[in-house]
Every structure is written in structure tokens, then in C-alpha cells.
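This report sets out computed features of one protein model. Please keep the sequence and the coordinates at hand while reading.

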Amino acid sequence: MKKLALHWKIIIGMILGIIFGFIMNTIENNAGKTFVSDWVAPFGTIFINLLKLIAVPLILASLIKGISDLKDISKIKSMGLRTIGIYIATTLVAIIIGLSIVNIVKPGIGMPQETIDKIKLKYENDAGVTDKLMKASAQNDAGPLQALVDIFPSNIFKSFVEASMLQVIFFALFVGVCLLLIGEKKAKPLIDFFDSLNEVVMKMVDLIMLFAPYAVFALLANVIIAFDDTEILVKLLYYAFCVVGGLILMIGFYLILISLYTKKSPMWFLKQISPAQLLAFSTSSSAATLPVTMERVEEHLGVDKEVSGFVLPVGATVNMDGTSLYQGIAAVFIMQVIWPEGLTFTNQLVIVATALLASIGSAAVPSAGMVMLVIVLESIGFPAELLPIGLALIFAVDRPLDMCRTVVNVTGDATVSMLVAKSLGKLHDPKPKEWDDNYDDVK
């Protein structure tokens with residue numbers, strides 16, 4: 001009997017998790033919600049913790065080994081410039097798609113005042129909204145070059161503990177370049193160590209993914225029980241459809257690039273990357289999904305390790321196409337509802353520039369896009385007293401939309417890794433590995 005593919009197992013887990021969550025929501029006195037949060041949700045948390053556990057060692061080992069394998073420092077510059085250039089280009093396309101849709105559809109025009117007042121009353125003073133405003137304020141208070149300063153760690157072990165991805169990437173690049181400079185003979189022991197570490201961590205990914213269908217069941221069930229006001233959700237569907245529609249168009253754009261430049265089938269690409277996409281949807285975190293993304297891109301899409309080890313960790317930190325598209329739509333939607341006089345062509349150009357810059361500094365964690373949205377709105381002079389109301393307008397549907405835009409972020413990272421690999425001649429036939437490849441030798 002043919003074994004069921006991993007992505008189908010994950011899809012089944014997601015569907016059952018959603019159904020189970022809705023059933024638990026119908027149980028009176030919040031008994032169902034309590035059961036899910038106490039006895040089901042922890043398994044999703046364990047799964048995410050395991051993925052985060054291996055993210056830093058995977059980046060470190062993969063990038064150091066990849067850079068040392070290049071044998072030429074000039075190739076690092078070439079790969080870096082291509083990666084950043086393509087990331088900026090795709091982010092601009094995402095923002096333009098978002099702004100085009102929201103200006104054509106105008107989801108915020110004609111929203112009943114009664115609905116606005118209800119949303120304001122329910123969410124304006126919500127702890128989540130307040131937290132986003134405080135984080136955005138702290139980021140705004142930092143100096144203009146603080147993002148650059150934050151790349152250079154003062155204590156690499158602290159960077160490992162805090163999973164500061166850009167600092168880990170810088171350290172790995174620094175070590176990789178130095179390994180090239182000390183000569184092959186002296187560098188070989190350390191290169192062999194990181195090569196072995198990379199293989200071990202990739203095997204950890206295979207083992208952790210055996211638990212994925214059960215984990216996404218727990219994660220989706222926990223998401224569903226959080227929705228306690230379906231009336232507000234229905235009122236915001238028009239806005240949500242605009243965001244989802246834009247995200248679908250962005251994935252279509254990726255598939256066109258894959259087809260035209262790499263000459264690979266778009267459906268083949270989606271099939272190979274689907275486990276990472278489904279995990280991105282379930283976790284809302286491109287950082288937590290990174291180990292799986294790297295495994296799928298290297299073993300199932302055929303991207304060489306030296307390319308994926310650089311492009312994907314950088315992408316998880318600076319490439320937020322889905323988040324940028326969402327920021328464009330959300331900013332204009334909020335203005336359509338409560339600040340229509342701010343809808344000028346100049347302000348929308350500022351949104352393009354600010355959303356592009358904000359995406360580079362956006363953390364690869366759930367709901368970070370809303371923090372960046374505050375910065376985007378403040379850049380166009382949005383009234384400070386209206387900011388809590390603006391965030392309250394979209395807060396109810398932010399989590400499901402965050403799940404969707406994370407899928408686009410991860411898909412964009414995988415797409416760019418293939419484009420860069422193709423341009424460097426580093427795209428080859430896939431060689432997938434299974435968790436039990438060497439099991440017969442040790443059982």
C-alpha cells in the first residue's frame with residue numbers, strides 16, 4: 001500500500017483540528033475552550049519549540065559549510081547582491097498588488113458606524129492592541145541606524161539564546177569567510193564538524209516532521225477557540241477577502257517566476273514546498289518554519305546547501321512579501337474607514353517606501369506585521385489618537401490573516417532561493433532523504 005504523502009497528512013490534521021475547535025466552541029461554560037487550551041494546545045507549543053530548538057544550529061552549520069564550499073569570496077558578494085536585489089523587487093511587487101486591490105475594491109467605504117463603534121468598544125483597549133502600540137513606539141524611538149547596529153552581536157552566545165537571526169547569520173558568514181582565508185588544510189576539521197552537524201540537524205527535521213500532522217491539529221484547534229465574536233468577523237470579511245486575494249495573486253506571481261526562469265512546473269513546486277507552507281499557516285511564524293523550509297528547498301527542490309543556507313535565513317528575517325502586501329491593504333482600509341482625507345497619492349507613495357523598509361526590520365514571529373503597520377501609519381501623519389481605533393478595526397481578523405501572509409512569506413523565500421540557485425548554476429535534481437534511511441543499520 002502506498003504511503004500517504006506528508007502534505008496530505010498535515011492537511012487532514014488541519015481539517016480535523018478546525019472541526020474539533022468548532023465543536024469545542026459549542027460546549028457551554030467554556031468547558032470546551034478550557035479542555036483545548038489545557039490538554040490540546042500544549043502539543044502544538046511543543047512542536048514549535050522543537051522547530052525553534054534546531055533553527056539556530058541549522059543556520060549556523062548550513063551557512064558556514066555553504067560559504068566554505070564556495071571556495072571564492074567574490075561568489076559571496078555575487079550571491080548576496082542577487083538575493084537582496086530579488087527580495088526588494090518581490091516586496092515592491094507585493095506592496096503594489098496590495099495597494100491596487102484596496103484602491104479598486106475599497107473595502108472600507110460604507111462600513112456602518114454601528115459596526116465601527118462595536119469594534120472600537122471591544123478592541124480599542126485590548127491588551128493585544130496596546131502591546132502592538134508600545135512595541136511600535138519603542139522601535140520608532142530607536143536611532144535611524146539601530147537596525148544596522150543590531151546586526152553585529154557583542155555576545156554570540158546571547159544571540160544564540162535569543163535566536164537573533166541576523167546576528168547569527170553575520171557570525172556564520174564571518175566564520176565562513178575566515179575559514180576560506182586560513183586555507184583548506186587548516187579549515188578542514190571545522191568544516192567537517194559543521195558538515196556533520198548540518199546532517200544531524202536535517203535528520204532532526206525529518207523526525208520532528210513525523211509529529212507535524214498531530215501538531216497542526218493542536219495548533220488549529222487552539223486558533224479556532226480564540227474566535228468568540230463571529231458577527232464582527234463577518235463584518236470584516238470584505239477586508240479579509242482583499243488581503244487573501246492579494247496573497248493568492250502574489251503566489252501566482254511566484255509561480256510565473258518559477259516557470260519562466262527555472263523552467264520547473266509550478267504544480268511540482270507547490271507540491272514539494274507544501275509541507276513548509278502548511279506549517280507556516282499553522283504556526284504563523286516563518287522563523288519557526290525555517291528548518292522545514294530549508295529541508296524542503298535543499299532535498300526536494302534541489303537547491304544547493306550554500307545557496308539555501310544563505311538565502312533562506314536572510315529571507316526569514318528581511319523578506320516579508322505577505323506582510324508588506326497586508327500592510328498596504330490594512331493601512332488604506334483603515335484610512336477609508338476613519339481618515340478618508342489622508343487618502344492622497346503622496347501618502348500612498350510614502351506607504352510603499354515605508355512598508356518596504358519596515359518589512360526588512362519585521363520580526364519573523366506571529367503578528368509582527370501589525371507592529372510594522374503602526375510605523376507605516378505614523379509615517380503618513382495618521383492622527384495618533386486614532387491609532388488604537390485603527391488597530392481595533394482589523395484586530396479581530398489579524399490572526400487568520402497572519403497565518404495566510406506567513407504562507408506567502410515562506411513561499412517567497414523558497415522562490416527566491418530557486419531563482420538565485422538557478423542564476424549561479426546551483427540548482428540540481430532533488431535528492432530527498434527519509435528519516436529511516438540508515439535505520440536498518442542501527443536497529
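The model is predicted, and every value given here is computed from it. Its largest nonpolar core comprises 129 residues, and Tyr239, Leu373, Phe382 and Ile394 have the most contacts inside it. Helix α2, which spans residues 31-70, supplies the largest share of this core, with 13 residues. Another core lies apart from it and consists of six residues, among them Met24, Val36, Val40 and Ile225.

Which residues does leucine 373 touch beyond its neighbours within four places in sequence? Its contacts are Tyr326, Gln327, Ala330, Ala331, Ile334, Leu391 and Ile394. Of these contacts of leucine 373, Ile394 is itself one of the residues with the most contacts inside the largest nonpolar core.

Isoleucine 273 belongs to helix α13, residues 266-283. Its relative accessibility is 0%, and it therefore counts as buried, the cut-off being under 20%. When neighbours within four places in sequence are set aside, isoleucine 273 is in contact with Arg296, Val297, Leu301 and Ala414.

Helix α4 covers residues 113-123, and its buried residues are Thr115, Ile116, Ile119 and Tyr123. Viewed down the helix axis, the buried residues of α4 fall within an arc of 100°, so they line one face. On α4, the face turned away from the buried side carries Gln113, Glu114 and Leu121, which are exposed.

**A nonpolar surface patch**

Leu4, Trp8, Ile12, Ile15, Leu16, Ile19 and Ile23 make up a nonpolar patch on the surface. Together these residues have about 660 Å² of accessible area. Isoleucine 15, one of the residues of this patch, is located in helix α1, residues 6-25. Its relative accessible area is 45%, and isoleucine 15 is accordingly classed as partly exposed.

**Positive phi angles**

Asparagine 30 is not a glycine, yet its phi is positive, at about 60°. This asparagine 30 sits in the loop between α1 and α2, and with 44% relative accessibility it is partly exposed. Alanine 163 likewise has a positive phi in a residue other than glycine, near 55°.

**Salt bridges**

Side chains of opposite charge can pair when their charged atoms come close. How many salt bridges does a search of the whole structure find? The search finds six.

| Glutamate 199 | Lysine 305 | 3.1 Å |

The salt bridge between glutamate 199 and lysine 305 links distant parts of the chain, 106 residues apart: glutamate 199 lies in helix α9 (residues 184-209) and lysine 305 in helix α15 (residues 305-318). Glutamate 199 is partly exposed, with 31% relative accessible area, and lysine 305 is partly exposed at 21%.

Why are aspartate 206 and lysine 203 separated by about one helical turn? The two are three residues apart in helix α9, and therefore about one turn lies between them. Aspartate 206 is buried, with a relative accessible area of 9%, whereas lysine 203 is partly exposed at 23%.

Salt bridges with shared partners join Asp398, Asp402 and Arg405 into one network.

Notes
Residues are numbered from 1 along each chain as its sequence is written. This is a predicted model: local features need pLDDT of at least 70, side-chain atom pairs count only at pLDDT 80 or more; totals for chains, interfaces and linings use all residues. Side-chain values use heavy atoms; hydrogens and water are left out. Buried means under 20% relative accessible area, exposed over 50%, partly exposed in between (1.4 Å probe, protein chains only). Helices (H or I, at least four residues) and strands (E, at least two) are DSSP runs, numbered from the N terminus. The arc is that of the directions from the helix axis to the C-beta atoms. A nonpolar core is a set of buried Ala, Val, Leu, Ile, Met, Phe, Trp, Tyr and Cys residues joined through side-chain atoms within 4.5 Å. Contact means heavy atoms within 4.5 Å. Patches are made of residues with over 30% relative accessible area and no salt bridge: like charges are joined within 9 Å, nonpolar side chains (Val, Leu, Ile, Met, Phe, Trp, Tyr) within 5 Å. Accessible areas come from the Shrake-Rupley method with a 1.4 Å probe; for residues, only the protein chains shown count as cover. A salt bridge is a side-chain nitrogen of Lys or Arg within 4 Å of a carboxyl oxygen of Asp or Glu.
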